[in-house]
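Here is a short briefing on one protein chain. Please look over the sequence and structure, then read on by topic.

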Amino acid sequence: MPERLLIVEDDEFLCNSLKRVFLKESYEVTAVYSAELALKALECQSYDLMITDIILPGIDGIELLAKVKEQYPATIVIVMTSYATLESAIKAFRLGSYDYIIKPVIHDEIKMLVRNALRQTPFKEDEIQPIQPAGTGTKYDFSNIVGQSPPIKAIIEEIKLVANSRSNVLLLGETGTGKELIARAIHYNSKRSGEPFVAINCSAIPENLLESEFFGHSKGAFTGAVSSKRGLFEEADKGTVFLDEIGDLSPHLQVKLLRVLDDREIRPIGCLQSKKVDVRFIAATNMELYKAVKEGRFREDLYYRLKVITLKLPPLRERGSDIQILAEYFLEKYSAEIGSPLRFIDEEAMKVLKSYHWPGNIRELQNVIERAVILSDTTSIRLQHLPEELKEIEHMYFEQSPAALSIEEFTKRAIVKYQSKCSEQELASMLGITRKALWEKRKRWGLIKK
C-alpha cells in the first residue's frame, strides 16, 4: 500500500506543484489549502506524513502541528516557511516537527527528505503488530543484518553475547555503517524487547531543547512550558535509549547524563523530586571519542561509563564481499516498492560498485541503488544509471589510503569533493548526518561560500 501524504499550503500553485511531484513518486497524495481542511482530511483517514506551511488562513501551521501531534502522533510532520525565525523553528521542533525547511522548496531535496523521514518511522498505525519474542522473525532480528563477510559475522556473534546483559554499549563506526540498526538488534533480541526503544540524535535537536527532551519539564519551568512533559528517558523506562552522535553532546549535558548513568535517576526541569528510571543506554558516534577525551572535549568518566561494551562497526570498504549482497538486497527492495521489472545489476556496473571506496558506507550504497532503480527503464542496472563520481574510480581526493585518514578528515574531503555536485540534503544523506551538522562542519572548515 503506498504511503499517504497530506500537503497543506495556501499558495495554490505551490500546493499543486508539490502534489504532482509526489504523485510521480507513487505516493497517495491529498492537497488542501488550509489547516481546517487538513484536520477534516485527517478525520477521514490516516496519513503517514504531512507537509505544512506556517502562514495559513485561520489556524496557522504551528497550531496545526500541535493539534496533529496531539491527535495523530504517528503522523510525521514537516514544516516549511518563507519567513524563518529562530522562535518558530524552536517551537516547531519542540512540538515534534521532523524538519523545518525554508522556501523556495527544491523538489529533489524535499523528495529525499520525505523518503528519509518515512524510512525512519518505526511503524505506521495500521501496521502495529503484537510484540514477538526475540529471534522469531521480528523486523530487527539477526537475519535483517545483511552480509556474509567475516567482519559482519563477528559483529552478529558479539550482539548475541551482549544482548541480554544490562551493560551499556558504545557503537563506534563511520557514518552510514548501520549503528542504529545494530542498536535496535541489541534491544529487540534482549529481555527488554517488549519495552520502548527510544532513539535520540544528539546533534539534530537544538542545544537549548535537548535537556528538556532528555529529562522533561514541569508546567511553567521556562517560557513556553505551558504544560508538563515527560522526557525521553522517562518514556524509555524499562527499555533502551539509543544516543546517536553522543560525541556532539555539550559539556553541560555530559555532566547530567553521567548522573543518570550513576544514579539511574532523572529530575525534570522545574521539579524538586527525582524519578527512578530503569534504562539501558546504547551510545554511538562516528568520531574518535578517545581522542576527544584526550583533547578535553568529552568527559573521561562519562566515556568509561558508556564503553562497558564496545562494538566497532566495519566500514563498507572493509566488507568487500558484502557489496554485491547489499546492492542486490536494495535492488529487490526498491524495485518492489515502485513495481519495477528490474532483475539484476550488470557486470560492468557491479564492477564499479565493488571498486568504489564508499565514504558514505551502506547509506550511500542504498541511495545509489535507489537512484538507479528510478532512472533505469530496462531490466537491469547499467553503468549509465550510476552517479558520475562512482565511475571515476581514481579516488582523486585521496593522497593516502582511505583507511589511513581520520573520520573527520575523510568527511572533510568528501564534502570538498561533492558539495558542488550534490544538494545539501543529498550530501548530508550520503554522509549520514543532518543538514544542520553538515552546515556546522562546512562553517568550521571554512567551506561555506560567501
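The structure holds zero disulfides. The model is a predicted one. Its chain has a mean pLDDT of 83.

**Cysteines**
- Is Cys-44 buried or exposed? Cys-44 has 71% relative accessibility, so Cys-44 counts as exposed.
- Cys-202 has a relative accessible area of 4%. The cut-off for buried is under 20%, so Cys-202 counts as buried.

**Confidence**
- A pLDDT of 70 or more is reached by 88% of the residues.
- Residues 121-138 have pLDDT below 50. The model gives this stretch 23 contacts beyond near neighbours in sequence.
- Residues 393-403 also stay under 50 in pLDDT. For residues 393-403, the model has 23 contacts beyond four places in sequence.

**The sheet**
- Five strands make up an open sheet. Their order is β2-β1-β3-β4-β5, and the pairing is parallel.
- Strands β2 (28-32) and β5 (99-102) are the edges. Each of these two pairs on one side only.
- On average, neighbouring strands of this sheet are turned by 20 degrees against each other, direction ignored.
- How many bridges join strand β1 to strand β3? There are four, between residues 4-8 of β1 and residues 49-53 of β3, and the two strands run parallel.
- Val-8 has Thr-52 as its bridge partner in β3.
- Helix α2 (residues 35-44) packs on the sheet and touches β1 and β2. The direction of α2 makes about 160 degrees with that of β1.

**Nonpolar cores**
- The largest nonpolar core has 36 residues.
- Which residues have the most contacts inside this core? They are Ile-345, Leu-353, Trp-358, Leu-365, Ile-369 and Ile-381.
- Six helices are listed as giving two or more residues to this core: α13 (320-338), α14 (347-355), α15 (361-375), α17 (407-418), α18 (424-431) and α19 (435-444).
- Trp-358 touches Leu-316, Ile-323, Leu-353, Glu-364, Leu-365, Val-368 and Leu-390, leaving aside neighbours within four places in sequence. Leu-353 and Leu-365, two of these partners, are also listed among the residues with the most contacts inside the core.
- A second, separate core has 31 residues. Among them are Leu-170, Leu-249, Ala-283 and Leu-289.

Notes:
Residues are numbered from 1 along each chain as its sequence is written. This is a predicted model: local features need pLDDT of at least 70, side-chain atom pairs count only at pLDDT 80 or more; totals for chains, interfaces and linings use all residues. Side-chain values use heavy atoms; hydrogens and water are left out. pLDDT is the predictor's confidence in each residue, from 0 to 100. Contact means heavy atoms within 4.5 Å. A nonpolar core is a set of buried Ala, Val, Leu, Ile, Met, Phe, Trp, Tyr and Cys residues joined through side-chain atoms within 4.5 Å. Buried means under 20% relative accessible area, exposed over 50%, partly exposed in between (1.4 Å probe, protein chains only). A disulfide is a pair of cysteine sulfur atoms within 2.5 Å. Two strands pair if DSSP finds at least two bridges between them. Axes are lines fitted to C-alpha atoms, for helices over the stretch in contact, and angles run from 0 to 180 degrees between N-to-C directions.
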